Amino acid sequence: MMMDRKESPAIQWDGEQLILLDQRLLPQEEIYLTIQDVEGAADAIRSMVVRGAPAIGITAAYGVVLAARNRLGVDAAAPACVAWRSALEDDLDELSQARPTAINLHWAIERMRLLLDGGEEGLLERLQREAEQIHQEDIDACKTMGRLGAAYIESGSGVLTHCNAGALATGGYGTALGVIRAAWEEKRLSAVYADETRPWLQGARLTAWELIRDQIPVSLLADGASSWLMKQKKVQWVVVGSDRIAANGDVANKIGTYAAAIAARYHGVKFMVVAPTSTIDRAVPHGDQIPIEVRESQELFACLEGGRIAAQDASGWNPVFDVTPAELVDVIVTEKGVVEKPNREKIAALFET
Ligand code: MRU
């Protein structure tokens with residue numbers, strides 16, 4: 001399956017190798033990296049060449065295919081490994097440790113792992129089909145969620161988004177940006193605002209890049225300006241993605257989402273979370289139990305690859321996700337339907353249909 005770069009700019013599979021758009025370099029440079037082994041896939045996730053929960057899951061699925069090619073000896077350079085099953089299990093473990101918060105990573109790996117039970121015969125073909133299926137299902141889910149979420153946005157509304165939950169963060173089209181794309185096409189939006197999203201600047205670099213490419217005008221603001229934006233009544237909805245949703249509807253997403261949700265409730269602005277059901281972790285009862293990634297303080301001290309801006313000798317604390325309690329969420333939009341005022345029972349009901 002070779003996808004059009006516009007539909008799926010972040011992740012492409014050419015039948016033998018994975019091609020990833022290096023998101024660390026956007027928007028200044030559009031460089032594609034070729035990944036040929038599982039270590040490369042794990043490293044691309046860890047170092048944020050590819051990021052965003054669904055995109056991480058899809059990359060891991062293709063990473064399993066690369067691992068199998070190597071362990072089963074399909075690549076000429078790699079002799080077949082006799083203990084292929086335990087070797088592959090090690091590869092899957094390595095992949096699953098690449099980043100801690102996005103549950104889509106584990107969801108995709110577990111889905112791929114199930115196929116190992118079918119034995120060596122035809123395994124590679126089955127794994128490749130499954131990875132492509134995971135990829136395509138995510139694009140389809142984003143399109144469905146876009147339509148469902150846009151229906152909630154009244155004509156003439158302004159929206160604010162945080163981080164990048166777009167085509168770059170998914171198989172294509174995006175979760176939060178999928179809703180914004182659909183609402184824009186339906187001419188419902190008066191304005192789109194994006195938090196710059198310190199420290200990695202996913203909003204300023206990636207969300208703005210995507211929206212401008214689609215000719216959707218976007219205004220950037222400093223993260224700390226979002227409550228003032230709401231006070232000015234410039235937005236009626238905050239629309240975000242998620243990295244993991246607990247069984248009770250608590251939502252982990254990029255650091256700063258919680259602050260935006262508190263400000264939204266205070267100002268009477270609605271708060272929408274857009275995420276496929278692969279982001280819902282029913283094994284985690286409460287948001288407090290979601291592991292939160294803490295990255296190097298170095299990300300805070302400088303502006304990306306630029307020189308240090310923070311005072312010398314200051315120390316730092318860099319949690320890169322936070323958890324918004326379900327009570328601050330007005331709707332969770334999934335491909336299986338929309339959950340209004342989410343709680344444990346409503347989340348469970350999603351999986352019964
Ligand atoms: O650290 P990142 O860039 O991987 O974080 C991504 C986010 O927090 C996104 O908002 C989330 O994954 C939803 S992506 C559809």
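In the predicted model described here, an N or O atom in the side chain of Lys254 lies 2.7 Å from an oxygen atom of the ligand, a polar contact being a pair of N or O atoms within 3.5 Å. The side chain of Asp243 likewise places an N or O atom 2.8 Å from an oxygen atom of the ligand, and a polar side-chain atom of Arg99 is found 2.9 Å from a ligand oxygen atom. Residues are numbered from 1 along each chain as its sequence is written, and side-chain values use heavy atoms, with hydrogens and water left out. Because the model is predicted, local features need pLDDT of at least 70 and side-chain atom pairs count only at pLDDT 80 or more, whereas totals for chains, interfaces and linings use all residues.

The shell around the ligand holds 19 residues, of which Arg51, Gln202, Asp243, Asn253 and Lys254 come nearest; a residue is counted as near if one of its heavy atoms lies within 4 Å of the molecule. By type, this shell divides into seven nonpolar, eight polar and four charged residues, with Asp, Glu, Lys and Arg taken as charged, Ala, Val, Leu, Ile, Met, Phe, Trp, Tyr, Cys and Pro as nonpolar, and the others, Gly among them, as polar. Helix 2 (53-71) and strand 9 (251-254) each contribute at least two residues to the shell, helices (H or I, at least four residues) and strands (E, at least two) being DSSP runs numbered from the N terminus. Since both domain 1 (11-141) and domain 2 (144-350) give residues to the shell, the ligand lies between them, the domain bounds coming from an automatic or database domain assignment.

Some features of the backbone were also examined. Most residues other than glycine have a negative phi, and most peptide bonds are trans. The peptide bond from Leu26 to Pro27, however, is cis, with omega near 0 degrees, and Pro27 belongs to the loop between strand 2 (18-21) and strand 3 (32-35). Arg198 and Pro199 are also joined by a cis peptide bond, with omega about 5 degrees, and Pro199 is placed in the loop between strand 5 (189-195) and helix 7 (202-213). Met48, a residue other than glycine, has a positive phi near 70 degrees and is located in the loop between helix 1 (38-46) and helix 2.

Definitions and conventions:
Polar contact = N/O pair within 3.5 Å; in protein donor to acceptor, adjacent residues only side chain to side chain.
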